[in-house]
Amino acid sequence: MSDGTAATTTDLDVRLEKHRVELTGYCYRMLGSSFEAEDAVQDTMVRAWRSYEKFEGRSSLRSWLYRIATNVCLDMLTAGNKRARPMDLTESTPLAQAALSPRPDNTWLEPMPDSRVLPTTDDPAEAAVAKESVRLAFMAALQQLPPKQRAVLILREVLAWKASEVAELLGTTVASVNSALQRARATLAEQQQPGSAADASDPLDDEQQKLLERYVAAFEGYDMTALTALLHEDAIMTMPPFDLWLTGVKDITGFMTTLGAPCAGSHLVPVQVNGLPGFAQYKPDPEKGGFTPWAVQVLEISDGRITGFHCFLDTQRWFPLFGLPLHLEAEADQVEEGV
C-alpha cells in the first residue's frame, strides 16, 4: 500500500468514526438492543469502507451513512422481533404470587450508556430531545411501530430531517413519508403505557439531585421507611430478564426485604443511562469480600418522586458496556462513575 493510499484510508477511518455515536443512537432506537445497535453500526462502517469508491458525493457522507445504517437495521428487523419491557408483556404481579421467570435475552429492551448514543451538543433543546428519545418508555413505544414507520419517526421527529431528505434516504415519496409519520404519531399517542412518565431535567435540578442522594442513602442503608418516602405510590419495579414486575410501594419494599434481601449492604455507583439517572448496583460478595455486580438501575422521576425503578440483572453483559469493573474492593466509595 502506498503512503498516499494509507493516508486516504486513515482519513476515511477518521471521517467515519466522527459519526459513530449518532449512528449508534439511531440504530439503538431502531433495534432496542445496545449490542445489536453496535453490531449494526460496525456493519455500516464496513459496508461504507468497502463501497466508498462508489460513493460519488451526490449526498453528504452523513446522509449516505444513515442510508446504509437504515438498510442494515431494516434487514435485522425483518424477523418482526419486538423488544419490550416486562409491563408490555404481562400484568403486574402481586407480591404474594411473585415468581422469577426469565425470558430469552432477545425479549427485552436493553439499557444503553448515554455516552455511546448521545452526541455532544451545545443546543439544550436538541440535547433534551435526544435524551427523551432514548428513554425506556419511548423506546418501548417505538417497538410498536413497523420498521419503516420507526425509521421515519426517528429521522423526522428526533433527528429533525426534512421530509424530502427522508424520502430520498428511503427511496420513496414525500407524501409516503408524511403518511408514515402520521400513522406513527397516531400509534404513539395510543401507547400511554405504565411507566411512561419521567421528567428528569438536564442537568438534574437541585430537588432531583437531592432526591437521588436520599435514594442512595436509603438503598445502601436498606432503609425501607426512607425508601417508601421517595417512591410514588404507583411506582413500578422491573427486573429483566425476569418478566415479573411489581407496582406500588408496599409490594416493591416487600420484595426487597424478602426475595431481594441479599441486596442489603449494596453499594451504588452513578451512571448516565437511557437519558436518565441510574446506578450500577454492587452487592456484598460473601466469597471474595468486597462487592460483586448485581444490576444496572434506571430511575424514572416525576413530581419529586421515583416512579420507575428498572433493574437490568445480566451484569456480565451490562457492566463492561458501561466501563465498570466486575468486582469492587471494600473501599468502594473511591470508585469513579462508569463510562
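**Strands, helices and turns**

Analyst: In this predicted model, strand β5 is mostly covered, with 10 of its 12 residues buried.

User: What is the average pLDDT of the chain, and where does pLDDT stay under 50?

Analyst: Of the residues in the chain, 91% score at least 70 in pLDDT, and the chain average is 89. Where pLDDT is low, the predicted coordinates should not be read in detail. That caution applies to the stretch with two contacts beyond four places in sequence, where pLDDT stays under 50, namely residues 1-7.

User: In what order do the strands of the six-stranded sheet lie, and which strands stand at the edges?

Analyst: The sheet is open, its pairing is mixed, and its order is β2-β1-β6-β5-β4-β3. An edge strand has a single partner, so one side of it is left without a neighbour in the sheet, and this is the position of β2 and β3.

User: How many bridges join β4 to β5, and what is the bridge partner of Lys283 in β5?

Analyst: The strands β4 and β5 run antiparallel and are joined by seven bridges. They form a hairpin with six residues between the strands, in which Gly289 takes a positive phi near 80°. In β5, the bridge partner of Lys283 is Thr292.

User: What is the bridge partner of Leu268 in β4?

Analyst: Strand β3 is joined to β4 (residues 276-284) by seven bridges, and the two run antiparallel. In β4, the residue bridged to Leu268 is Gln281.

User: Is Asp303, with its positive phi, buried or exposed?

Analyst: Asp303 is a residue other than glycine whose phi is positive, near 55°, and its place is in the loop between β5 (291-302) and β6 (305-312). Its relative accessibility is 68%, and because the cut-off for exposure is over 50%, Asp303 counts as exposed.

User: And is Tyr222 buried or exposed?

Analyst: Tyr222 also has a positive phi, about 45°, although it is not a glycine, and it is found in the loop between α12 (206-220) and α13 (224-230). Its relative accessible area is 15%, and because buried means under 20%, Tyr222 is buried.

User: Which two residues does the cis peptide bond join?

Analyst: The bond has an omega of about 15°. One of its residues, Pro241, lies in the loop between β1 (231-239) and β2 (242-247). The residues joined by this cis peptide bond are Pro240 and Pro241.

User: Why do the buried residues of α11 line one face of the helix, and what do they pack against?

Analyst: The buried residues of α11 are Val177, Ala180, Leu181, Ala184 and Leu188. Seen down the axis of α11, they fall within an arc of 100°, so they line one face of the helix. The face turned away from this buried side carries the exposed residues Ala175, Gln182, Ala189 and Glu190. The buried residues pack against α8 (136-142), α9 (147-158) and α10 (163-170).

User: What covers the buried residues of α14?

Analyst: Six of the eight residues of α14 (residues 249-256) are buried, so this helix is largely enclosed by the rest of the structure. The buried ones are Val249, Ile252, Thr253, Gly254, Phe255 and Met256. What covers them includes α12, α13, β1, β2 and β6.

Methods:
Residues numbered from 1 in each chain as written. Predicted model: local features only at pLDDT ≥ 70, side-chain atom pairs only at ≥ 80, totals over all residues. Heavy atoms only, no water. Buried < 20%, exposed > 50% of the residue type's maximum accessible area, 1.4 Å probe, protein only. Helix = DSSP H or I, 4+ residues; strand = E, 2+ residues; numbered from the N terminus. Arc of directions from axis to C-beta. Contact = heavy atoms within 4.5 Å. Pairing = 2+ DSSP bridges. pLDDT = per-residue confidence, 0-100.
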